[in-house]
Amino acid sequence: MSDDPADDLTHTDESGNVQMVDVGDKPDTARRAVAAGTIHLQPSTVAAIRDDDIGKGDVLATARVGAVQAVKHTWETIPMCHQIPITNVETDFAVGEDRVDLTVAVETTGKTGCEMEALEGVTTGLNVVWDMVKAAEKDDDGEYPDTAISDVRVTEKVKRPLD
């Protein structure tokens, strides 16, 4: 480790220019990353989600598709992110009284991890929920006083050698 923190950056070359990390010499490993996040909503909106009473359709089914699509396309939206072979995506929604929690687990076999894909799945899935319910969330002034996406984080990162 260098005394200069900039020397430890992996996405820059010797001149400080941004670059994609070369993972070509790394061995393939089995990898799994899990990310989670929350969207806070009005209790009436959450009840409408639970009752499948949102005019745009099934909120959680649509958000699930959006999350999976985002995982598969992360390399197109995050600069310097490698395109990796996604072997599995799992989405899990927990619907509370005034919130929807989303967990996305991503698995791959390759030379680099999949935590960016898990994070992208969570943020997009929660954005889809917001898009699907925004008409129900607006107050009389056209504002969204209770709507917020929060606590997006990686909760698990596993790397193991291939058998």
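This is a predicted model: local features need pLDDT of at least 70, side-chain atom pairs count only at pLDDT 80 or more; totals for chains, interfaces and linings use all residues.

Visitor: Fine. How many helices and strands are in the chain?

Guide: Four helices and four strands. Along the sequence they follow the pattern β-α-α-α-β-β-α-β.

Visitor: What share of the contacts comes from residues 24 or more positions apart?

Guide: 72%, counting contacts with a separation of 6 or more. As for burial, 33% of the 163 residues are buried.

Visitor: On to the sheet. What is the strand order?

Guide: S2-S3-S1-S4, in an open sheet with antiparallel pairing. The average twist from one strand to the next is 15°.

Visitor: How many bridges join S1 to S3?

Guide: Twelve. S1 covers residues 29-40 and S3 covers residues 99-110, and the two run antiparallel. Within that pairing, alanine 33 has valine 106 of S3 as its bridge partner.

Visitor: And how many bridges between S2 and S3?

Guide: Nine, again in the antiparallel sense. A hairpin of three residues joins S2 to S3. Valine 95 stands opposite valine 100 in S3.

Visitor: Helices next. Which strands does H4 lie across?

Guide: S1, S2, S3 and S4. H4 spans residues 115-137 and runs at about 25° to S1.

Visitor: Which strands does H2 touch?

Guide: H2, residues 59-72, packs on the sheet and touches S2 and S3. The direction of H2 makes about 145° with that of S2.

Visitor: How does the span of H2 compare with what its 14 residues should give?

Guide: The two agree. At 1.5 Å a residue, H2 should span 20 Å, and its end C-alpha atoms are 20 Å apart.

Visitor: Which residues of H2 are buried?

Guide: Val59, Leu60, Ala63, Gly66, Ala67, Ala70 and Val71. Seen down the axis of H2, they fall within an arc of 135°, so they line one face of the helix.

Visitor: What covers them?

Guide: The cover includes helix H1 (43-50), helix H3 (74-77), S2, S3 and H4.

Visitor: What happens at the start of H2?

Guide: Aspartate 58 has a side-chain oxygen within 3.2 Å of the backbone nitrogen of leucine 60.

Visitor: Now H1. Which residues are buried there?

Guide: Thr45, Val46, Ala48 and Ile49. Those residues cover an arc of only 160° around the axis, which puts them on the same side of H1. The buried residues of H1 pack against H2, S2, S3 and H4.

Visitor: What comes just after H1?

Guide: Aspartate 52, with a positive phi of about 55°.

Visitor: Last one, threonine 74. Where is it found?

Guide: In helix H3.

Visitor: Buried or exposed?

Guide: Threonine 74 counts as buried, because its relative accessibility is 0% and the cut-off for buried is under 20%.

Visitor: What does threonine 74 touch?

Guide: Leaving out residues up to four places away in sequence, threonine 74 touches Cys81, Met116, Glu117 and Glu120.

Notes. Residues are numbered from 1 along each chain as its sequence is written. Side-chain values use heavy atoms; hydrogens and water are left out. Two strands pair if DSSP finds at least two bridges between them. Axes are lines fitted to C-alpha atoms, for helices over the stretch in contact, and angles run from 0 to 180 degrees between N-to-C directions. Contact means heavy atoms within 4.5 Å. The expected span of a helix is 1.5 Å times one less than its number of residues. Buried means under 20% relative accessible area, exposed over 50%, partly exposed in between (1.4 Å probe, protein chains only). The arc is that of the directions from the helix axis to the C-beta atoms. A polar contact is a pair of N or O atoms within 3.5 Å; within protein, one must be able to donate a hydrogen and the other to accept it, and residues adjacent in sequence count only if both atoms are side-chain atoms.
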